[in-house]
Amino acid sequence: MKEVSIWTDGACKGNPGLGGWGAMLIYGEHTKEIYGGEPNTTNNRMEIMAVIQALTLLKERCLVHLYTDSQYVQKGMTEWISGWKQRGWRTAAKKPVKNADLWQQLDELCQQHQLQWHWVKGHAGDAGNERADELANLGVEQLQA
């Protein structure tokens with residue numbers, strides 16, 4: 001099975017506001033960088049979107065080391081999602097899960113791969129995280145052009 005490392009990040013100018021997502025994928029000696037943005041969104045949506053966009057690029061089942069500085073994304077996928085699904089996409093407080101559309105998309109993509117989630121502290125010198133942050137900001141900047 002191919003082993004891929006992915007760093008993702010989201011950015012938002014205003015929350016909600018102009019948002020961007022970015023991801024860097026590394027497989028062997030190959031590196032691919034992607035980014036994009038949305039005009040009226042939230043930081044959390046962009047964090048999830050970065051992971052969705054990165055996983056969408058994978059053409060076959062992979063072992064994925066996914067690095068994110070978003071505890072929302074990491075805990076959402078490793079701790080909270082099973083309960084949300086059992087409750088019909090409701091929180092423990094019986095409220096609709098925010099961003100359920102993206103969580104469902106991400107859940108489907110994750111089923112196609114073997115994922116290992118890694119939380120990294122943002123803006124703390126992790127080169128992959130710093131680059132993903134730069135890419136997410138490029139996603140915002142393209143909307144401002």
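Colleague: Which residues lie nearest the centre of the largest pocket, and how many line it?

Modeller: First, the general idea. Rolling a probe the size of a water molecule over the atoms shows where empty space is left. Here a pocket is an open set of points on a 1 Å grid over the protein atoms alone, where a 1.4 Å probe fits, with protein on both sides within 12 Å along at least five of seven lines; lining residues have an atom within 4 Å of a point. In this structure, 13 residues line the largest pocket, and Val4, Leu25, Tyr27, Leu57 and Leu58 lie nearest its centre. This is a predicted model: local features need pLDDT of at least 70, side-chain atom pairs count only at pLDDT 80 or more, and totals for chains, interfaces and linings use all residues. Residues are numbered from 1 along each chain as its sequence is written, and side-chain values use heavy atoms, with hydrogens and water left out.

Colleague: What is the volume of the largest pocket?

Modeller: About 260 Å³. A volume is the space filled by probe spheres set on the points, with grid points joined across faces, edges and corners.

Colleague: Which elements give two or more residues to the lining?

Modeller: Strands β1, β2 and β3 (30-41) do. Strands (E, at least two residues) and helices (H or I, at least four) are DSSP runs, numbered from the N terminus. By class, the lining has seven nonpolar, two polar and four charged residues. Nonpolar covers Ala, Val, Leu, Ile, Met, Phe, Trp, Tyr, Cys and Pro; charged covers Asp, Glu, Lys and Arg; the others, Gly among them, are polar.

Colleague: How many bridges join β2 to β3?

Modeller: Two strands pair if DSSP finds at least two bridges between them. Ten bridges join β2 to β3, and these strands run antiparallel. Gly17 stands opposite Thr41 in β3. Their hairpin has two residues between the strands, and Gly28 takes a positive phi near 60° there.

Colleague: Is Thr41 buried or exposed?

Modeller: Buried means under 20% relative accessible area, exposed over 50%, partly exposed in between (1.4 Å probe, protein chains only). Thr41 has 2% relative accessibility, so it counts as buried. Contact means heavy atoms within 4.5 Å. Leaving aside neighbours within four places in sequence, Thr41 is in contact with Cys12, Asn15, Pro16, Gly17, Gly19 and Met46.

Colleague: How many residues of β4 are buried?

Modeller: Seven of the seven residues in β4 (62-68) are buried. One side carries Cys62, Val64, Leu66 and Thr68, the other Leu63, His65 and Tyr67. Seven bridges join β4 to β1 (residues 2-14), in parallel. Thr8 has Thr68 as its bridge partner. Six bridges join β4 to β5 (residues 114-119), also running parallel. There, Val64 stands opposite Leu115.

Colleague: Which residues touch the most other members of the largest nonpolar core?

Modeller: A nonpolar core is a set of buried Ala, Val, Leu, Ile, Met, Phe, Trp, Tyr and Cys residues joined through side-chain atoms within 4.5 Å. The largest has 33 residues; Ile6, Leu55, Trp103, Leu106 and Trp117 touch the most other members. Helix α1 gives the most to this core, with eight residues. Another core lies apart from it, of six residues, among them Trp7, Met24, Tyr67 and Ala132.

Colleague: What does Gln142 touch?

Modeller: Not counting residues up to four places away in sequence, Gln142 touches Tyr35, Gly36 and Gly37. Gln142 lies in helix α4 (residues 127-144). With a relative accessible area of 42%, Gln142 is partly exposed.
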